[in-house]
Amino acid sequence: MTNKRVLLIDEESAFTRFLQDDLEQREISVACVYSPGDENGAMAFAPNAVVADKNILANKTPGLLQAFDKIERKLPLVLMTGTDAQLTHGSAAPVQAASAQIVATIPKPFEPHILAELIDQYAVASEKNIMDSEYIAALAASDRLLDNLVVEFQSKHALTDGAIVGYEALSRLKTRRAISPETIFSSATEITLEIAATLNVVDEAIKLENRLYRHGKTTPVSFNCSAILLTRCDFVEALRTRLEQQGNLHGLIIMEITEENRIADIKVVAEICHMLSQYGLAISIDDFGTGHSNLDRISEIPFSELKLDKQIFWAFCNNRVPISILGSIIDFCHSRSATTVVEGVETPFHLEKARLLGADHGQGFYWGQAVPPQYLVKHWSQG
């Protein structure tokens with residue numbers, strides 16, 4: 001099923017989020033159309049098959065399948081419906097404006113493996129390599145990138161007893177959940193889009209922190225920020241204004257400075273961090289163990305937390321990096337009263353190795369995936 005790509009046309013829901021995640025784990029790439037404005041991204045995704053809710057396909061995306069017909073053979077189409085009693089192969093159920101080859105209908109909800117089997121049976125994998133950057137560029141060109149970004153939160157846990165010690169706010173592209181924030185906010189993305197998206201994450205992180213505090217929980221919430229943004233006066237001023245409006249945050253909001261290939265003046269970044277820390281913002285060094293500026297970052301930036309990148313942690317787990325290297329970094333952090341977080345904890349073996357290092361906290365799929373904020377606090381939409 002390598003290089004098979006499925007376009008999902010449906011309403012956004014917990015079911016479609018689950019379906020995306022499950023199919024991606026089966027090495028089936030998924031992109032979604034939740035509104036007519038997402039069609040440019042759908043075309044750039046170049047799917048091998050289409051899975052569509054019958055009503056939405058007929059009413060909200062007329063012409064999309066015909067557009068594919070102009071550049072591809074008729075794509076296999078799996079219809080989703082809440083009324084069919086059973087899965088039917090080769091169904092001739094009429095769908096207005098659909099000219100693709102209908103191969104099956106499935107009543108919703110269904111188990112993802114059923115759909116995976118149909119995709120394996122009917123979808124013909126293309127040899128063309130579709131880059132995620134092409135999909136992102138298509139969304140940006142049609143002004144749909146920001147509209148499709150959502151914020152989800154991944155928990156951070158104490159390695160001693162597994163207790164939740166924080167949450168990290170993460171940008172997710174709801175129409176293509178498998179794309180990482182590092183890919184979305186690369187040098188190819190307009191910097192103004194990155195600023196707007198990062199400030200949106202900041203707002204959601206502050207909102208969650210306030211809601212947790214209201215319920216008697218002093219659990220820190222962090223957000224990611226590329227170093228290059230900290231050299232932009234417009235971004236820094238917008239962030240400073242938000243922090244000032246909150247009063248002293250007492251370290252409950254953490255800014256994780258990410259590693260990337262765009263070079264920023266580390267001394268300028270350090271000065272900005274010192275200034276922002278006066279408003280109670282805590283600083284974290286993210287992705288330690290990647291890139292080329294790690295020593296500069298930990299010597300110049302006033303950090304209170306350091307996160308070991310999962311790749312260097314996994315290299316340690318596979319005996320490719322000696323414990324003395326990572327252990328010395330953790331000892332250095334502890335000498336500065338900074339906490340250490342191991343990223344990429346996904347198995348009991350990873351947890352055992354993270355504890356062996358002597359790190360403080362861990363983060364990863366061992367404790368579950370990132371979730372929307374309404375999973376963490378009740379009545380999220382009410383403010």
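## Basis

The model is predicted, so local features need pLDDT of at least 70 and side-chain atom pairs count only at pLDDT 80 or more, while totals for chains, interfaces and linings use all residues. Residues are numbered from 1 along each chain as its sequence is written, and side-chain values use heavy atoms, with hydrogens and water left out.

## Packing of α8 and α9

Helix α8 (residues 191–214) packs with helix α9 (residues 233–246) at an angle of about 15 degrees, and their axes are 11 Å apart. Helices (H or I, at least four residues) and strands (E, at least two) are DSSP runs numbered from the N terminus. Axes are lines fitted to C-alpha atoms, for helices over the stretch in contact, with angles from 0 to 180 degrees between N-to-C directions. The two helices α8 and α9 are therefore roughly parallel (angles under 35 degrees; over 145 is roughly antiparallel, 65 to 115 roughly perpendicular and the rest oblique).

From α8, the contact (heavy atoms within 4.5 Å) takes in I195, T198, L199, V202, D203, I206 and N210, and from α9 it takes in D234, F235, A238, L239, R242 and Q246. By class, these contact residues of α8 and α9 are seven nonpolar, three polar and three charged. The classes are nonpolar (Ala, Val, Leu, Ile, Met, Phe, Trp, Tyr, Cys and Pro), charged (Asp, Glu, Lys and Arg) and polar (the others, Gly among them).

## Packing of α12 and α14

The axes of α12 and helix α14 (residues 348–357) cross at roughly 95 degrees and come within 10 Å. That makes α12 roughly perpendicular to α14. On the α12 side the contact residues are F313, W314, F316 and C317, which meet F349, H350, K353, A354, L356 and L357 in α14. Eight of the residues in this contact of α12 with α14 are nonpolar, one is polar and one is charged.

## Pockets

A pocket is an open set of points on a 1 Å grid over the protein atoms alone, with protein on both sides within 12 Å along at least five of seven lines; a cavity is a set where a 1.4 Å probe fits but cannot get out, and lining residues have an atom within 4 Å of a point. Grid points are joined across faces, edges and corners, and a volume is the space filled by probe spheres set on the points.

The largest pocket holds about 900 Å³ of space. Its lining has 29 residues, with Q154, R172, S180, K310 and F365 the closest to the centre. Helix α1 gives the most to this lining, four residues. By class, the lining of the largest pocket has six nonpolar, ten polar and 13 charged residues.

The second largest pocket has about 340 Å³ of space. Among its 21 lining residues, P181, E182, F185, E194 and T258 lie nearest its centre. Four residues from α8 form the largest share of this lining. The second largest pocket is lined by eight nonpolar, eight polar and five charged residues.

## Cavity

One cavity of 30 Å³ or more is counted, and the largest cavity has a volume of about 30 Å³. A49, V51, P76, V78, L115, L118, I119 and Y122 line the largest cavity. Two or more of these residues come from each of β3 (49–53), β4 (76–81) and α5 (112–122), and α5 gives the largest share, four residues. The lining of the largest cavity has eight nonpolar, no polar and no charged residues.
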